[in-house]
Amino acid sequence: MRRLLFDQDDADSNRAMLALKGALKKRGVRAVQHSVGLVMKTRTGIARTVGAYRARFIWDSGLDLGPTGAVDEVAVKIVRLLGLELHPQLSVLARRMGVRGYTVEIGASKMTVTTPLGVSPPRAVRITCEPRPTDEDRDWFWTHWGDPLAEAGDITAAEVALVGLLAQP
């Protein structure tokens, strides 16, 4: 009986992985099936994997991405985890910085914030929003120097930290 359950889970997982691969392809992500998982690259070229086990998609850090029946929702999470799409929290931070008078340029997965005209010396910081592996893969804002700025859920802390960075001589 145990063997039959294992075989059924294996077959279901393989079908789910094929469906996820197709959903990722629609979103412009190239995923390669390797052994029992899909391998993809982040925006910065780091390989990350996702697998399916007991009706759940599991990220390589152990993060549970959701049920295998929710392929589209999981694909959206993966695209964000890979840093290939502008994170919604990054959009909020961009609006807040724009209201403060900073110049904000938005790219596919990042934004660049520049001091207002007339401020000397002019300064700029590029910000991304990506998972922080040491914090259970929760999303964090990162500077282009690779330093964590603030957790993505705390827009006010990120805004204050960014203003402080841009005010440094």
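The protein chain holds four helices and 10 strands, where helices (H or I, at least four residues) and strands (E, at least two) are DSSP runs numbered from the N terminus. This is a predicted model, in which local features need pLDDT of at least 70 and side-chain atom pairs count only at pLDDT 80 or more, while totals for chains, interfaces and linings use all residues. Residues are numbered from 1 along each chain as its sequence is written, and side-chain values use heavy atoms, with hydrogens and water left out.

**The whole chain**

Begin with the C-alpha trace, which spans about 70 × 25 × 25 Å along its principal axes. Coloured along the sequence, the chain reads α-β-β-β-β-β-α-α-β-β-β-β-β-α. Of its 169 residues, 37% count as buried; buried means under 20% relative accessible area, exposed over 50%, and partly exposed in between (1.4 Å probe, protein chains only). Display the accessible surface next: the total is about 9,700 Å², and carbon and sulfur atoms account for 55% of it. These areas come from the Shrake-Rupley method with a 1.4 Å probe, and for residues only the protein chains shown count as cover.

**The sheet β1 to β5**

Select β1 to β5, an open, antiparallel sheet of five strands in the order β1-β2-β3-β4-β5. Two strands pair if DSSP finds at least two bridges between them. At the edges are β1 (32-34) and β5 (64-67), each pairing on one side only. From one strand to the next, the twist averages 25 degrees; axes are lines fitted to C-alpha atoms, for helices over the stretch in contact, and angles run from 0 to 180 degrees between N-to-C directions.

Within this sheet, pick residues 47-53 (β3) and 56-59 (β4), antiparallel strands joined by four bridges. Ala52 has Phe57 in β4 as its bridge partner.

Helix α1 lies across β1, β2 (37-41), β3 and β4, at about 140 degrees to β3; contact here means heavy atoms within 4.5 Å. Helix α2 (residues 71-81) lies across β2, β3, β4 and β5, and runs at about 165 degrees to β5.

On α1 (residues 2-26), select Leu4. Is Leu4 buried or exposed? Leu4 counts as exposed because its relative accessibility is 60%.

**The sheet β6 to β10**

Move to the open sheet in the order β6-β7-β8-β9-β10, whose five strands pair in the antiparallel sense. Here β6 (103-106) and β10 stand at the edges with a single partner strand each, so one side of each is left without a neighbour in the sheet. The twist averages 25 degrees from one strand to the next.

Zoom in on β8 (residues 124-132) and β9 (residues 138-143), an antiparallel pair joined by six bridges. Opposite Thr128 stands Trp142 in β9. Five residues lie between the strands of this hairpin, in which Glu136 takes a positive phi near 55 degrees.

Continue to β10 (residues 148-151), which pairs with β9 over three bridges, again antiparallel. The bridge partner of Trp140 is Glu151 in β10. Which residue takes a positive phi in the hairpin of β9 and β10? Gly146 does, near 90 degrees, and four residues separate the two strands.

Helix α3 (residues 88-99) lies across β6, β7 (110-114), β8 and β9, at about 15 degrees to β7. Helix α4 (residues 155-167) lies across β7, β8, β9 and β10, and runs at about 155 degrees to β10.
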